[in-house]
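Here is a briefing on a structure, written for quick reading. Keep the sequence and the 3D view open alongside.

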Amino acid sequence: MEPIISVKSLTKNYRLGKVDVPALRGVDLVVQEGEFVAVVGPSGCGKSTLLHILGGLTGPSDGQVCIDGNDFRLMTDADRTRFRRHKIGFVFQRFNLLPTLSARDNIAIAQHIQGNGFNPHRFEAITRMLGIEKKLHHRPFALSGGEQQRVAIARAVICEPKILLADEPTGNLDTENSQVVLDMLRELNRTFRQTVLMITHNPEAAGIANRVIHMRDGRIISD
Amino acid sequence: MVNKLILSNVLHRPIRTAVSVLAVAIEVAMVILVVGLCHGLVSDSARRVEGVGADILVRPPGASFMLGLGEAPMPVAIGQRLAELPRVLAVAPAIIHVNSQESLDLIYGIDLPSFNAVSGGFVYHAGGPFQEPYDMLVDDIYANGHRVKVGTTINVLNHDFRVCGIVEHGKGARRFIQLATLQDLTGSHDKATTFFVKCTDPAYTDEVANKIKAWLEGYNILPIKEYMSLMTSNNIPGLNYFITVMIALAVGIGFLVIFLSMYTTITERTREIGILKSLGASKTYIISVILREATFLTAIGVIAGFMGAVILRKVMGGIFPTLPVEMTWDWRLYAACLALMGSILGSFYPALRAAQLDPVDALAYE
């Protein structure tokens with residue numbers, strides 16, 4: 001079966017003034033559909049850069065990235081945006097909800113941007129599973145961190161993305177809420193065979209994944 | 001959904017919204033009022049000349065179609081000859097004096113019996129006709145605006161005039177004094193600057209006008225309909241430039257405020273734009289959100305501007321009753337279109353900038 005994520009010799013350099021700073025120095029990675037992968041490593045090791053490239057938020061400097069059959073080398077910025085809209089769901093450490101919209105609208109806007117219209121059955125199933133059906137009329141400032149992250153997860157998966165990319169999803173949560181969010185991600189992976197790639201510092205969080213990748217200095221050092 | 005997003009953004013930043021709406025409202029009200037005042041003054045002046053009841057205006061060679069501007073006086077005797085022409089019912093000589101004392105207005109020096117013969121006579125609200133050489137008639141709008149009553153003294157040409165009567169407005173000037181008195185004061189004995197000619201029937205206007213033209217070659221002979229068609233802002237020297245400059249200023253204010261408002265909004269909402277991009281929002285989607293928000297603010301501003309213009313017109317009418325503001329739907333539409341155009345232009349660059357933000361940088365924005 002063709003892997004959902006296939007990365008070969010991926011490099012990414014950032015330019016700071018006149019100096020090129022390498023963030024990724026030749027990453028090879030293959031992820032099959034339905035896997036729950038945790039990427040761990042110290043700050044600055046390139047985890048977030050890898051996640052941003054896989055999500056199409058930024059392009060690679062060199063190497064091959066193929067997601068669900070889409071070769072990033074052949075895609076323009078607009079193509080990557082379209083790809084992200086249909087194939088990728090993001091969960092961020094800082095939740096990144098739109099502060100002026102209610103929880104319901106924060107979730108619904110993802111469906112609106114995707115352009116397939118509001119799917120009430122999917123919406124109900126997801127919000128019930130994440131236990132936020134009674135909080136849908138609240139705006140983010142009226143929700144706890146855990147609730148905000150659950151709304152963010154709902155937004156990320158409402159459009160049935162092929163891959164859920166989670167960037168330190170428990171980084172801003174206490175232990176109890178962290179466990180709830182991790183359980184939700186695990187549940188999504190099990191129930192919907194949702195492919196999840198999660199970045200974390202937390203070894204306990206990484207422990208719920210069925211595969212843990214370690215990174216250092218822009219390279220994968222163990223898989 | 002975009003509408004919800006826009007509405008929530010607008011409500012979430014009430015000060016920014018209020019300032020933007022206020023700027024557009026000022027722009028719209030300014031355009032409507034400046035244009036309305038210019039057009040109102042011109043058409044009010046024309047209507048009042050028409051209200052004299054004459055069919056033809058006879059004025060000296062080289063006279064401007066604008067009454068009171070720089071014409072050399074003509075002998076009053078011409079009026080007697082004009083009155084003898086066939087199909088002429090009455091002729092009223094007048095000196096039209098531009099008064100710049102306290103305010104800029106026209107004062108008619110009239111021979112009351114002949115002026116009454118042309119105009120059908122004044123309707124008196126108070127007082128009556130001239131009794132003394134230094135008597136003055138004022139119309140009701142002037143009287144209300146300047147709190148003038150019968151017996152009030154008004155200084156004109158360094159002479160005190162007593163208000164002897166208050167008349168219904170609409171017959172030429174707002175103030176009238178006796179022709180002989182104005183001739184004395186301006187050193188124009190037996191002279192007039194304008195003859196108001198009334199035909200036995202308006203249908204004879206062209207025939208009579210042609211006869212006068214043949215007799216008084218080079219004189220300015222204007223049938224009143226032609227005069228009315230000339231009295232537009234397009235024909236008043238410099239007025240259109242003034243209107244254009246004022247409109248440009250108003251649109252400039254609206255453009256700059258919307259530009260600044262949307263520009264700061266983009267900066268404030270960098271992270272939110274990053275979120276939309278992470279969800280797969282295209283550049284077109286982002287541009288559309290920003291432009292629609294600017295359009296929404298402009299629409300509220302236009303409505304507020306319309307209301308503001310109506311209120312200001314009433315206020316101005318109360319304080320300066322002799323300054324008519326003519327508000328037409330045409331110019332309301334132009335003002336709305338100008339405001340919309342200004343705000344779309346003003347928000348386009350910020351929208352483009354938002355669409356081009358790097359999503360990774362935008363998400364990391366603090």
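The notes below cover the pockets and then the contact between the chains.

This is a predicted model. Its largest pocket has a volume of about 930 Å³. The second largest pocket holds about 410 Å³ of space. Chain A and chain B bury about 2200 Å² between them.

**Largest pocket**

- The lining of the largest pocket is made up of 32 residues.
- Closest to the pocket centre are L41(B), R48(B), L104(B), D105(B) and L106(B).
- Three elements of chain B each supply at least two lining residues: α2 (14-51), β4 (105-110) and α5 (140-146).
- Of the elements, α2(B) gives the most, with seven residues.
- By class, 22 of the lining residues are nonpolar, six are polar and four are charged.
- Two domains of chain B take part: domain 1 (2-43 + 238-364) and domain 2 (61-218) each provide at least three residues of the lining.

**Second largest pocket**

- Here the lining comprises 24 residues.
- S48(A), H52(A), Q93(A), D167(A) and E168(A) lie nearest the centre of the second largest pocket.
- The lining divides into ten nonpolar, nine polar and five charged residues.

**Interface between chain A and chain B**

- On the chain A side, 24 residues are in contact with chain B. On the chain B side, 26 residues are in contact with chain A.
- Of the area buried between the two chains, 63% is on carbon and sulfur atoms.
- The count of salt bridges between chain A and chain B is one.
- A salt bridge joins the side chains of D105(A) and K4(B), at 3.2 Å from N to O.

**Points to locate in the view**

- Which element gives the most to the lining of the largest pocket? Look for α2(B), with its seven residues.
- Which side chains meet in a salt bridge at 3.2 Å? Find D105(A) and K4(B).

Notes. Residues numbered from 1 in each chain as written. Chains lettered and ligands numbered in written order. Predicted model: local features only at pLDDT ≥ 70, side-chain atom pairs only at ≥ 80, totals over all residues. Heavy atoms only, no water. 1 Å grid on protein atoms, 1.4 Å probe; cavity = no way out; pocket = protein on both sides within 12 Å on 5 of 7 lines; lining within 4 Å. Points joined across faces, edges and corners; volume = space filled by probe spheres on them. Helix = DSSP H or I, 4+ residues; strand = E, 2+ residues; numbered from the N terminus. Nonpolar A, V, L, I, M, F, W, Y, C, P; charged D, E, K, R; others polar. Domains from an automatic or database assignment. Contact = heavy atoms within 4.5 Å. Buried area = accessible area lost by both parts, 1.4 Å probe. Salt bridge = Lys/Arg side-chain N within 4 Å of Asp/Glu carboxyl O.
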